[in-house]
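Open the model in your viewer and keep the selection panel at hand. Each stop below gives you something to select and says what is there.

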Amino acid sequence: MQDYQNFLAEVLIDEKTLQKRVIELAAEINRDYQGERILLICILRGALPFMVDLMRQLTVPNAIDCMAVSSYGAGARESTGNIRVTMDLQTNIEGKNVLLVEDIVDSGHTISRVLEMLRMRKPKTLKVCVLLDKESRREVAVPIDYKGFAIANKFVFGYGLDLDEYYRNLPFVGVVDLNRYQGVG
Ligand code: PRP
């Protein structure tokens, strides 16, 4: 495995900045849902570290569930809008305050389709919390209620975001220098 130092172009968001923002987002959520309970839904796998850090800062009573989706059609890396649920929720969300947690919104197709699917299950409320927003890549409009950072269209990894499924554990968000990244060998 290549050490990330060999292909790290820059640390885009360092650990301290990430954690500070997570605390701020949690404070907003705690305030908005005062007196309520919420169900956090993690869209696997990228949102895992973010959701775990976020939930530890919540004082509003919260339960968690996870779902996994994959896009199919043209292009392996690009989201197409054809989203398939590969692992569904275990929880009946009808009548619940649901907060979707995502690591990144790019084209917007994933969140948009997931929201459509979940709306049909009649939650009491349905909101979206996203760590990173690549606004310039948006193809479909998505409502983002809680946003960590707007970022430029750079190839990012770390803090949940993978490079060929690895490096999700890094505590910061970095930018890949693709000329120096050799892939997972
Ligand atoms: C990433 C991310 C979002 C989606 C965003 O997931 O976690 O789910 O892409 O892209 P979009 O806005 O263009 O739809 P990915 O498919 O890389 O899976 P992962 O979370 O398991 O890494």
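**Before you start**

This is a predicted model: local features need pLDDT of at least 70, side-chain atom pairs count only at pLDDT 80 or more, and totals for chains, interfaces and linings use all residues. Numbering starts from 1 along each chain as its sequence is written, and side-chain values use heavy atoms, with hydrogens and water left out.

**Stop 1: the ligand**

How many residues surround the ligand? There are 15, and the closest are E102, D103, S107, G108 and T110. Colour this shell by residue type. It divides into 3 nonpolar, 6 polar and 6 charged residues. Here Ala, Val, Leu, Ile, Met, Phe, Trp, Tyr, Cys and Pro count as nonpolar, Asp, Glu, Lys and Arg as charged, and the others, Gly among them, as polar.

Now switch to secondary structure. Helices (H or I, at least four residues) and strands (E, at least two) are DSSP runs, numbered from the N terminus. β5 (97-105) and α3 (109-119) each supply at least two residues of the shell. β5 gives the most, with 4 residues.

Next, show the polar contacts. A polar contact is a pair of N or O atoms within 3.5 Å; within protein, one must be able to donate a hydrogen and the other to accept it, and residues adjacent in sequence count only if both atoms are side-chain atoms.

- S107: an N or O atom of the side chain is 2.5 Å from an oxygen atom of the ligand.
- T110: an N or O atom of the side chain is also 2.5 Å from an oxygen atom of the ligand.
- R45: a backbone N or O atom lies 2.9 Å from an oxygen atom of the ligand.

The ligand taken alone exposes 500 Å², of which the protein buries 75%. Accessible areas come from the Shrake-Rupley method with a 1.4 Å probe; for residues, only the protein chains shown count as cover.

**Stop 2**

Look at the bond that joins L44 and R45: the peptide is cis, with omega about -5°.

**Stop 3: the cores**

A nonpolar core is a set of buried Ala, Val, Leu, Ile, Met, Phe, Trp, Tyr and Cys residues joined through side-chain atoms within 4.5 Å. Buried means under 20% relative accessible area, exposed over 50%, and partly exposed in between (1.4 Å probe, protein chains only).

The largest nonpolar core has 31 residues. Select I29, I38, F50, L54, L99 and L132, which have the most contacts inside it. Elements giving two or more residues to this core include α1 (15-32), β2 (38-44), α2 (48-56) and β6 (125-133). α1 gives the most, with 5 residues.

Zoom in on F50. Contact means heavy atoms within 4.5 Å. Not counting residues up to four places away in sequence, F50 touches V22, L25, V101, E102, C129, V130, L131 and Y159.

Then find the second, separate core of 19 residues. Among its members are M67, I83, V98 and V105.

**Stop 4: helix α3**

Which residues of α3 are buried? They are H109, I111, S112, V114, L115, M117 and L118. Their cover includes β2, β3, β4 (83-87), β5 and β6. R113 is in this helix too, but R113 is partly exposed, at 27% relative accessible area.

**Stop 5: N62**

Select N62, in strand β3 (residues 62-71). N62 is partly exposed, with a relative accessible area of 27%. Leaving out residues up to four places away in sequence, N62 touches I38, L40 and M55. A polar atom of the N62 side chain lies 3.0 Å from the backbone oxygen of V60.

**Stop 6: two positive phi values**

Go to K122, in the loop between α3 and β6. Phi is positive here, about 60°, although K122 is not a glycine. K122 is exposed, with 55% relative accessible area. Beyond its neighbours within four places in sequence, K122 is in contact with I93, E94 and G95.

Finish at E165, in the loop between β8 (156-157) and β9. Phi of E165 is near 80°, a positive value in a residue other than glycine. E165 counts as partly exposed, at 41% relative accessibility.

Methods:
A residue is near a molecule or strand if one of its heavy atoms lies within 4 Å of it.
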